[in-house]
Amino acid sequence: MSLNRRHFLVTGLAAGAAVAVPAAAAHAEPEPDPAAETAQSLASRGLRTDPFTLGVACGDPDHEGFVLWTRLAQQPMAEDGLGGMPGRPFPVQWQVYADERARRVVRAGVSVATPEWGHSVHVEVSGLSSDREYWYRFRVGPYVSPLGRARTAPHPLSYGGALSMAFVSCAQYEHGYFTSYRHLAAERPDLILHLGDYQYEYTRDTYTIPGGNVRHHEGPETETLANYRQRHAQYKADPDLQAAHAASPWLVVWDDHELDNNWADEVPEKPEIPQPGFLSRREAAFRAYYENMPLRRTSIPRGIDMQLYRRVRWGRMATFHMLDTRQYRDDQGCGDGYRDCPAAADPARSITGAAQEEWLLDGFRDSRAQWDILGQQVFFAQRDNNAGPAKVTSMDAWDGYVASRRRITQGWVDAQVRNPVVLTGDVHAHWASDLKLDYDDPTGPSVGSELVASSISTGGDGADSDPAQHPFLAINPHLKFYNNQRGYVLTTIERDQLAADFKVVPQVRTPGADVYTRATYVIEDRVPGVQQTYLRPLDPALRLGRQITAEETVRLETERP
């Protein structure tokens, strides 16, 4: 998949001016003048209704710009994945404003939404002032998109003010409403990280929760490009998700359900079942992921490969190392699930692949940031669920790749990274943990911190319990907090500390629940490990009524169709 003219049009490459379309256009007909388009002229070419049904998004900010995204779709749920759009390109105007009332234009241009890329638009805007808010929107003739809020990072030599950063994961559309996204939009953080499972691949009534699913997926299990495009459109059409995208810039990475549960490199979840089309499925999933995310052109997929790991710097305050722990990993040892598995300790096995591991270690050595933050997918700290001599851990998490974890942890220790913090999703519950070089020595020093966000909706409502009584915490003393309600984590990052509020909603089976802080943990500058500063009392109406067991925790994390 070469980087030809069409690729640059679909990514909407921009440096503060309109995209120029060469005279030797790839299309037989000349591109219409977007400013002269009318509803009638668009209708004559098959665009008859508002195409901005999937909202807008901003992503990957730096100190002078960001990526802007939208995707045209008249009928988002169209089974062919084309969103009811005609098979022709449409010029899309974009504008960036200095004010929320959209009166002062500071950048503007035109990008071409092509059918080959699902009529998605990716605009890379540069040349803006650092460390400030902007607003943006798109237009096709008389149709105008919602207004989105963007933000640039501080100058590379500046710390800027306190950074408000939230992170989320695991939004199963069928299991509940995206209430947490709506509350997150109201928070208007400077940055939102999505750590994977943005969508789920299952057909309706396949992955169910007790009491039954409250919403349903359209279409079959996602396997083709049309399937993945339709599924992304169904999620993007959700108004709560749209609100969260419009509120703040996002940094996104995938986990497994964007393709297939527990996939590993070129290996599907169930390799014992012949799946000759798995690589074609991977190619389709990656292409649809790019089409539907605010990613830079460096992430344009090439066949079955896609460059997703990358660094985003927030001045001198923070460097975000966004990882991909799916595309390059060795297959899980001893199968999926929790196992006492000798292969987990094999030093030849890797969860990141050699190139990404070296890239990460180089980043540690070069970093001058106050906080080095790993945005990644699966649990990093050890979680042994067996109180006896056997070590029974998750083969899908870093516990299944302990040598890989050790090399990376040792890497930040050797590089004297000032404040390493790992952010995690995947397990559908809030956790907080100290990180160790040797988890078998609980008296050894902590060398980092891990914060884990619960799911947006996966698993349904969940229930509250006394976090100190969770059996994992007794077996693994470096684990400090657990909560099995839905929600997100909102952090405030300053030079002297990182404060993390674990936000929860009491139910997702019905929309409109309130949000509250269940606990707050602080990481102090140059003091590895998490410290609790607030714990909300248990609400008798929301508690489980009994203490959750280790077996139930494993089931809630790993039970799949």
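## Trp250 and its surroundings

Setting aside neighbours within four places in sequence, Trp250 is in contact with Cys58, Gly59, Asp60, Tyr181, Ile192, His194, Tyr198, Leu241, Ala244 and His245, where contact means heavy atoms within 4.5 Å. Trp250 lies in strand β11, residues 250–252; helices (H or I, at least four residues) and strands (E, at least two) are DSSP runs, numbered from the N terminus. With 0% relative accessibility, Trp250 counts as buried. Here, buried means under 20% relative accessible area, exposed means over 50%, and partly exposed is in between, using a 1.4 Å probe and protein chains only. Leu193 sits 57 residues away from Trp250 along the chain, yet their C-alpha atoms are separated by 5.6 Å.

A word on where this comes from: this is a predicted model, in which local features need pLDDT of at least 70 and side-chain atom pairs count only at pLDDT 80 or more, while totals for chains, interfaces and linings use all residues. Residues are numbered from 1 along each chain as its sequence is written, and side-chain values use heavy atoms, with hydrogens and water left out.

## The chain as a whole

The chain has ten helices and 24 strands. Its radius of gyration is 23 Å, close to the 24 Å that the globule rule gives for 561 residues, so the chain is as compact as a globular protein of that length. That radius is taken over C-alpha atoms, and the globule rule is 2.2 Å times the number of residues to the power 0.38. Along its principal axes, the C-alpha trace spans about 70 × 50 × 50 Å.

Buried residues make up 60% of the 561 in the chain. Take the contacts between residues at least 6 apart in sequence: 71% of them join residues at least 24 apart. As for the surface, the chain exposes about 19700 Å², and carbon and sulfur atoms supply 50% of that. Accessible areas come from the Shrake-Rupley method with a 1.4 Å probe; for residues, only the protein chains shown count as cover.

## Two nonpolar cores

The largest nonpolar core has 71 residues, and among these Leu193, Phe320 and Leu451 touch the most other members. A core of this kind is a set of buried Ala, Val, Leu, Ile, Met, Phe, Trp, Tyr and Cys residues joined through side-chain atoms within 4.5 Å. Helix α6 (residues 278–291) gives the most to this core, with seven residues. A second, separate core of 35 residues includes Trp359, Ala429, Leu435 and Val554.

Back to α6: this helix has 14 residues and reaches 20 Å from its first C-alpha to its last, close to the 20 Å expected at 1.5 Å a residue. The expected span is 1.5 Å times one less than the number of residues. Eleven of the 14 residues of α6 are buried, so the helix is largely enclosed by the rest of the structure.

Five bridges join β13 to β15, and the two run parallel; His321 stands opposite Leu374. Four bridges join β15 to strand β17 (residues 420–424), again in parallel, and Gly375 stands opposite Leu423. Two strands pair if DSSP finds at least two bridges between them.

Helix α7 (residues 354–366) has 13 residues and reaches 18 Å from its first C-alpha to its last, close to the 18 Å expected. Its buried residues are Gln356, Glu357, Trp359, Leu360, Leu361, Gly363 and Phe364. What covers them includes β12 (310–314), β13 (318–322), β15 (371–375) and α8 (402–414).

Val96 is found in strand β3 (residues 90–97) and, at 0% relative accessibility, counts as buried. Leaving aside neighbours within four places in sequence, its contacts include Phe66, Leu68, Val125, Tyr134 and Trp135. Asp62, in strand β1 (residues 56–62), counts as partly exposed at 26% relative accessibility. Beyond neighbours within four places in sequence, Asp62 is in contact with Thr152, Ala153 and Arg296.
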